[in-house]
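Keep the picture open while you read.

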Amino acid sequence: MTPNTNTTSTTSTTNATNTVNATTTVPTRLDFAKSAPKVFRALVGFDAAARDGLDPALVELIQIRASHLNHCAYCLHMHTNDARKAGESEDRLHMVAVWREARHFFTEKERAALALTEAVTRVADGGVPDDVYAEASAHFDDQELAHVLALILTINTWNRVALSTAKVAGTDGRR
């Protein structure tokens, strides 16, 4: 994406598993990474530190669920692809949005993390309930829990960056 020029751009992209023929016309918005490189690098560093020591499958489940809740198609597309590359099953990926009704697809620890993800992502709706926090703390030691919380904070920030700058799903340039 390029700095704001009050024009429109058309995007078409291909990824390794399928072709995204979604030609989308959207107002051009700033490229966050180029416009605020120190902030972007700090956020990348925070994200990397948050993930440190966490199970990669759990990381993706948390990021997918927060992206569902925030309606961030860009991040949802990115993290479902990352989860597939890491070996996550299609069944589990399809069930993340309805994990409470599909409990048998997820471990108790994963369910505790998903519940905490929902509570933190929707913190304005009543805070983080004590029972949700207690369940998470029963499955994670203090260091892991701090990393899970930090990961939830980073994906919520990434979602807001992507939504604010109108990032288009399927245009992630990472390799």
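First, some ground rules. This is a predicted model, so local features need pLDDT of at least 70 and side-chain atom pairs count only at pLDDT 80 or more, while totals for chains, interfaces and linings use all residues. Residues are numbered from 1 along each chain as its sequence is written, and side-chain values use heavy atoms, with hydrogens and water left out.

Start at Asp 31, which sits in the loop between β2 (19-27) and α1 (32-35). Helices here are DSSP runs of H or I with at least four residues, strands are runs of E with at least two, and both are numbered from the N terminus. A polar atom of the Asp 31 side chain lies 3.1 Å from the backbone nitrogen of Ala 33.

Now jump along the chain. Asp 31 and Ala 166 are 135 residues apart in sequence, yet their C-alpha atoms are 9.7 Å apart in space. Ala 166 belongs to the segment after α8.

Helix α8 itself covers residues 142-164, 23 residues in total, and reaches 33 Å from first C-alpha to last, close to the 33 Å expected (1.5 Å times one less than its number of residues). Its N-terminal end is capped by Asp 141, with a side-chain oxygen 3.1 Å from the backbone nitrogen of Gln 143.

What about backbone angles? Most residues other than glycine have a negative phi. Ala 166 has a positive phi of about 55° although it is not a glycine. His 71, in the loop between α3 (56-69) and α4 (73-85), also has a positive phi, near 60°.

Which of our stops are buried and which are exposed? Buried means under 20% relative accessible area, exposed means over 50%, and partly exposed is in between (1.4 Å probe, protein chains only).

| Residue | Relative accessible area | Class |
|---|---|---|
| Asp 31 | 16% | buried |
| Ala 166 | 18% | buried |
| Tyr 133 | 39% | partly exposed |
| His 71 | 68% | exposed |

Last stop: Tyr 133 is found in helix α7 (residues 130-139).

How values were computed. Polar contact = N/O pair within 3.5 Å; in protein donor to acceptor, adjacent residues only side chain to side chain.
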